[in-house]
Amino acid sequence: MTDEPGRAREGGFSVMGVVNVTPDSFSDGGRFLDAGAAIAHGCRLAQEGADILDVGGESTRPGAEPVSEREELRRVVPVLDGLAASTGATLSIDTSKVGVARAAIDVGATLVNDVTAFRGEPGLAGLAAEHGVRCCLMHMLGEPRTMQDAPRYDDVVSDVKAFLEERMAFAIAEGVSEERVLLDPGIGFGKTLEHNLELLRRLDELVAIGRPVVVGTSRKQFLGAITGREVDERLPGTIATNVLALERGATVFRVHEVASVRDALQVALATVRPRWSETTTT
Ligand code: HH2
């Protein structure tokens, strides 16, 4: 990956491959709980073209129960360690805990992906600042256990935008440099089907904040609600939403199936990018 997520290969986007080391993730829980299996999976995603590998040890699916720091450390540290030794991908730690992020950074993680946007443990911002790592700040209404209980917004896009601006200001006040911040609307995190679609439709309003926008639609429930497909049959829906998000300016795509999504994004980018003649003639 280049220095700036979202300005990677092909001059326009980064693919973030998901490595869940959990028994209960919504789409692949239990498949990569063993460190060896998780490392092999991460290596496969890197070979398929993942610029970033996002390693997580705690599910955030609706209704998920919290995991202790000790258990989260036990799950993710050997996996990050193994991936640091065997891939050149940027390593991301999907956590809200300072202790987990610190251990992850010690073994090579350079991106902290916090679905609470530094609300879970505010000290995480200072840790990120101290180590000069990037951070992905995501919007979530409430917390995973209750977030899908009748979520309400005045205007979902304006509310999410105001939240992300406030969390970015907090991170900067804690010493994180603005160039290291990525923003994510948190598709499926305290949102109805209509909220998710509205956020995707008006993603350009979040892109206007001026930081790379990360989108995570991969295999999520709203795709099943539209198509009637089971969780492992949602790749076409995942591709459709990622392509639309790219067209609206998102640059980082968090997915479980890297090769297919990368191909689709490459074609989409080649199509929407201004043509050579338009960029080189006056
Ligand atoms: N989605 C999930 C987890 N982490 N991080 C960001 N930045 N954006 C997302 O949309 C996002 C995320 C949920 O997906 P998954 O990791 O596959 O499931 P689980 O949380 O059940 O492990």
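Two strands count as paired here if DSSP finds at least two bridges between them. Keep that in mind for the views below, which all come from a predicted model.

**View 1. The whole chain at a glance.** Start with the parts list: the protein chain holds 12 helices and eight strands. Its radius of gyration is 18 Å, close to the 19 Å that the globule rule gives for 282 residues, so the chain is as compact as a globular protein of that length. The C-alpha trace spans about 60 × 45 × 45 Å along its principal axes.

**View 2. The sheet, strand by strand.** Eight strands line up in an open sheet, and the pairing is parallel. Read across, the order goes β6-β5-β4-β3-β2-β1-β8-β7. At the edges sit β6 (181-184) and β7 (214-215), each pairing on one side only.

**View 3. Where β1 meets β8.** Now zoom in on one pair from that sheet. Strand β1 covers residues 14-20 and strand β8 covers residues 252-255, and four bridges join them in the parallel sense. For a spot to look at, find Ser-14, which stands opposite Val-252 in β8.

**View 4. A helix lying on the sheet.** Helix α3, made of residues 69-86, packs on the sheet. It touches three strands there: β1, β2 (52-56) and β3 (90-94). Compare directions and you get an angle of about 175° between helix α3 and β3.

**View 5. Around the ligand.** How many residues surround the ligand? There are 17, and the closest are Ser-25, Ser-59, Thr-60, Asp-184 and His-256.

View 6. Ser-59 places a polar side-chain atom 2.7 Å from an oxygen atom of the ligand. Arg-254 also uses its side chain, with a polar atom 2.9 Å from a ligand oxygen. Phe-26 takes part through its backbone instead: a polar atom there is 3.0 Å from an oxygen atom of the ligand. As for cover, the ligand taken alone exposes 480 Å², and the protein buries 98% of that.

Definitions and conventions:
Residues numbered from 1 in each chain as written. Predicted model: local features only at pLDDT ≥ 70, side-chain atom pairs only at ≥ 80, totals over all residues. Heavy atoms only, no water. Helix = DSSP H or I, 4+ residues; strand = E, 2+ residues; numbered from the N terminus. Contact = heavy atoms within 4.5 Å. Axes fitted to C-alpha atoms, helices over the stretch in contact; angles between N-to-C directions. Near = heavy atom within 4 Å. Polar contact = N/O pair within 3.5 Å; in protein donor to acceptor, adjacent residues only side chain to side chain. Areas by Shrake-Rupley, 256 points an atom, 1.4 Å probe, with all protein chains shown as cover. Rg over C-alpha atoms; globule rule 2.2 N^0.38 Å.
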